[in-house]
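Colleague: Could you walk me through the salt bridges and one of the pockets here? I would enjoy going over them with you.

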Amino acid sequence: MIKSFDLNAFIAGKITRRKESLLTSDLHKFDRELKHQINDKSVLVIGGAGTIGSSYIKAILKFNVKKLYVVDINENGLTELVRDLRSSSDYNIPEDFKTYPIDFGEDVFRKIFINEGPFQIVANFAAHKHVRSEKDQYSIEAMIQNNVLKAKKLLDLLAETPPEKFFCVSTDKAANPVNIMGASKKLMEDVILSYSSRINVTTARFANVAFSNGSLPLGFLERLNKNQAWSCPLGIKRYFVSPEEAGQICLMASVLGKSGDIFFPKLDMEEDLVAFSDIALDLLGYLDLIPVSCSSEEEAKQKMVDFVKDGKHFPVYFFNSDTTGEKPYEEFYTSEETLDIDTFPNLGVIKEAKKRDEDEIGSVFHNLHQLFRKSKVEKHEIVAVLTSYLPNFEHIEKGKNLDQKM
């Protein structure tokens, strides 16, 4: 019998190892300014049904916004978001609160933006976020369409009626990228920075969100609920923040940043990097289960028979990572970037990030559009276009992707 599970307590005790939010002192220090910038404002959140987007919404609803519209292609996710918010007494839900299950790249989104605006704060969380999304040329094209090409289309729309604040989430994988997802986010950063003189734009690179939708740790719980064995890489470490912290980081960046700023959490490589294998073992211990190390996926699946019988010895296949685009650890900035680590207690800011020439950006967009007009595109062609534009993109290709793992 598995004991009751307090997910937030586990995250705080075993992953972030913080009793209170990393952003507690930042929120306290800037409380007056946050209220001034947020209260009575109209807010549009794109991609608001995901883990980070919904956490951002919960953070901003601690204040008193006048209007909140949320757009996401995940209709079920939006339904749960509404139920979650309205079932809680923690949030100040405005009377004018609507959700729309649509793609922000569609014409109907433009109608909403024009007819229901103006929106003073716009935040975009719609993105392909998984390294596994570069499994082949089709998934890569869809990822670049979403993370880059649609992002530019959104910026062109915003430029017609600029909001006071526009935020677009990035990733730590954009610093010295080794996978196409990270490269697409670095290209996205360059695109939004090119608009920073016309729109007040900010972004944030931050850590893995513990137990976010689609993450490996959440997958552990899903497998356990289905009486399925675990598969976990060895030697892969990541920085982690809680869902609450993720929303607060984006809130601070979206409201208090100067145009062109790139935010990141102040986390320490020695203290804060956590291995996925440690999370697996800690989680089993937290649930009073005994890990049984297996040498293959097949062995792990076979040993689930024993676990179903005794409810105690849980099989895990630990393996050395051998899939494309996996980096042993992540980083938030490069040695060439200028940092402000003094303004915020627990947030750093990349200032005066290098702005690429509009002709350069136009050229890579032209090359991508030309490539995607072809009836068949090869993965190496897309990598070549990105590499020609991003000289620090060192793609790690191993010929195997995460969809080939358990």
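Modeller: Happy to! A salt bridge here is a side-chain nitrogen of Lys or Arg within 4 Å of a carboxyl oxygen of Asp or Glu. Please keep in mind that this is a predicted model.

Colleague: Thanks! Which residue forms a salt bridge with Arg-205?

Modeller: The closest N and O atoms of the pair are 2.8 Å apart, which falls within the 4 Å limit. Arg-205 sits in the loop between strand S6 (201-204) and strand S7 (208-209), and its partner, 16 residues apart, is in helix H8. Arg-205 counts as buried, at 1% relative accessibility. The partner is Glu-189.

Colleague: And how many residues apart in sequence are the parts that Asp-190 and Arg-356 tie together?

Modeller: Their side chains meet in a salt bridge at 3.8 Å, N to O. Asp-190 belongs to helix H8, while Arg-356 is in the loop between strand S16 (347-351) and helix H14 (358-372), so the parts tied together are separated in sequence by 166 residues.

Colleague: Is Arg-356 buried or exposed?

Modeller: Buried means under 20% relative accessible area. Arg-356 has 16% relative accessibility, so this residue counts as buried.

Colleague: Which residues are linked with Asp-190 in a network of salt bridges?

Modeller: Lys-186 pairs with Asp-190 at 2.7 Å between the closest N and O atoms. Both lie in helix H8 (residues 180-193), four residues apart. The network links Asp-190 with Lys-186, Arg-356 and Glu-360.

Colleague: Lastly, which helices each supply at least two residues of the lining of the second largest pocket?

Modeller: That pocket holds about 1,000 Å³ of space. Among the lining residues closest to its centre are Asn-8, Ser-55 and Pro-243. The helices are H1 (7-15), H4 (51-60), H5 (75-86) and H10 (243-256).

Notes: Residues are numbered from 1 along each chain as its sequence is written. This is a predicted model: local features need pLDDT of at least 70, side-chain atom pairs count only at pLDDT 80 or more; totals for chains, interfaces and linings use all residues. Side-chain values use heavy atoms; hydrogens and water are left out. On a 1 Å grid over the protein atoms alone, a cavity is a set of points where a 1.4 Å probe fits but cannot get out, and a pocket is an open set with protein on both sides within 12 Å along at least five of seven lines; lining residues have an atom within 4 Å of a point. Grid points are joined across faces, edges and corners, and a volume is the space filled by probe spheres set on the points. Buried means under 20% relative accessible area, exposed over 50%, partly exposed in between (1.4 Å probe, protein chains only).
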